[in-house]
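Here is a short note for a colleague opening this model for the first time. Please read it with the structure on screen.

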Amino acid sequence: MSWSLPSSANSEDYRDDALSAGRRTSVFKLAGAAAAATAGIPFLPSIANANDDASGEKLIEFSVNNLDGVEGNTGTFVVKLRPDWAPIGAARFTELTEQGFWNDIRFFRVIPGFIAQFGINADPAVQATWRNKSLRDDPVKVSNTRGTLVFATSGPNSRTTQLFINYSDRNTFLDKSGFSPFGEVISGMDVVDKLYGGYGEGAPSGKGPSQGLIQVKGNEYLKSQYPLLSYISKATVQ
């Protein structure tokens, strides 16, 4: 699975385009095909006003290396899962974490001021086992604001393993396309801000990695061609 945004000078351009009624059916694509947008989503509460049911919540600590593209520059951030927001997504994330899926994977698409994307396994053989394990969609209950964690989607009921962390409160335009937050960064967002974003947008619209080649070659491709990418050394349930 892969998804990408149209090329743009900055995240404000994404927002302006997406908020123009009728100008796009979706802001994300799979293999170059436009993803279907989710219509009719009502006004969504902010995180502060969302349902605060604590049932099933977990804390996941991520240890990250190569911050700012410097090997040995490390830090941690903690994600709080919110199954009350998106129970299906939260359950998949827990399953992946318990299997050690995140270990040694790269943040392969970091667009400062917009999103940090990850979720393709370091080993292509492992990634292939998840390719056809798509999830049903969770309704969007809270907005895509700074620090929220969200599964990428190429259209309805297509979530597998790819995720992104929102950098900006301006990303609420993603709500109407069906991107449903299932967790939030509760500490270490300053670490997330240091994820290396110097490669920019992914191929072919930019100089960043090709998601297709990551799927096929894994870290062999990323380590040789994109050595500055920040990566997760481990993720543990606290």
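This is a predicted model: local features need pLDDT of at least 70, side-chain atom pairs count only at pLDDT 80 or more; totals for chains, interfaces and linings use all residues.

Leaving aside its neighbours within four places in sequence, which residues is Phe-93 in contact with?

1. **Phe-93 and its contacts.** Phe-93 touches Ile-60, Phe-62, Leu-81, Trp-102, Leu-149, Phe-151, Leu-163 and Phe-182, with neighbours within four places in sequence left aside. Phe-93 is one of the buried residues of helix α2. Start the viewing here.

2. **The cores.** The largest nonpolar core has 32 residues. Phe-62, Phe-77, Phe-93 and Trp-102 are those with the most contacts inside this core. Another core lies apart from it and has 9 residues, including Phe-108, Ile-214, Leu-222 and Leu-229. As background, nonpolar side chains tend to be buried together in soluble globular proteins.

3. Helix α2 covers residues 87-98. The helix has 12 residues and reaches 16 Å from its first C-alpha to its last. That is close to the 16 Å expected at 1.5 Å a residue. Besides Phe-93, its buried residues are Gly-89, Ala-90, Arg-92, Thr-94, Leu-96 and Thr-97. Gly-100 follows the helix, and its phi is positive, near 75°.

4. What is the order of the strands in the open sheet? The order is β5-β6-β8-β7-β9-β4-β3-β10, 8 strands with antiparallel pairing. β5 (109-111) and β10 (231-237) stand at the edges. Each has a single partner strand, so one side of each is left without a neighbour in the sheet. From one strand to the next, the twist averages 25°.

5. **Strand β7.** Thr-148 and Val-150 are on one side of β7, while Leu-149 and Phe-151 are on the other. These four residues are all buried, and both faces of the strand are covered. In a regular strand, side chains alternate between the two faces of the sheet. β7 pairs with β9 through 3 bridges, in the antiparallel sense.

6. **Strand β6.** β6 (residues 115-118) and β8 (residues 163-166) run antiparallel and are joined by 4 bridges. Gln-117 belongs to β6, and its bridge partner in β8 is Phe-164. Is Gln-117 buried or exposed? Gln-117 has 0% relative accessibility, so it counts as buried. Between Gln-117 and Leu-149 there are 32 residues of separation in sequence and 9.8 Å in space, C-alpha to C-alpha. Ile-115 is also in β6. Ile-115 has 1% relative accessibility, so it too counts as buried. Ile-115 and Arg-146 are 31 residues apart in sequence, with their C-alpha atoms 9.1 Å apart.

7. **Strand β3.** β3 is mostly covered, with 5 of its 7 residues buried. β3 is antiparallel to β4, with 6 bridges between them. Ser-63 has Thr-76 as its bridge partner in β4. Another 6 bridges join β3 to β10, also antiparallel. In that pairing, Phe-62 has Ala-235 in β10 as its bridge partner. Phe-62 is also among the residues with the most contacts inside the largest core.

8. **The protein as a whole.** How many helices and strands are there in the protein? There are 6 helices and 10 strands. Of the 238 residues, 51% are buried. The accessible surface comes to about 10,200 Å², and 50% of it belongs to carbon and sulfur atoms. Take the contacts between residues at least 6 apart in sequence: 71% of these join residues at least 24 apart.

Definitions and conventions. Residues are numbered from 1 along each chain as its sequence is written. Side-chain values use heavy atoms; hydrogens and water are left out. Two strands pair if DSSP finds at least two bridges between them. Helices (H or I, at least four residues) and strands (E, at least two) are DSSP runs, numbered from the N terminus. Axes are lines fitted to C-alpha atoms, for helices over the stretch in contact, and angles run from 0 to 180 degrees between N-to-C directions. Contact means heavy atoms within 4.5 Å. Buried means under 20% relative accessible area, exposed over 50%, partly exposed in between (1.4 Å probe, protein chains only). Accessible areas come from the Shrake-Rupley method with a 1.4 Å probe; for residues, only the protein chains shown count as cover. The expected span of a helix is 1.5 Å times one less than its number of residues. A nonpolar core is a set of buried Ala, Val, Leu, Ile, Met, Phe, Trp, Tyr and Cys residues joined through side-chain atoms within 4.5 Å.
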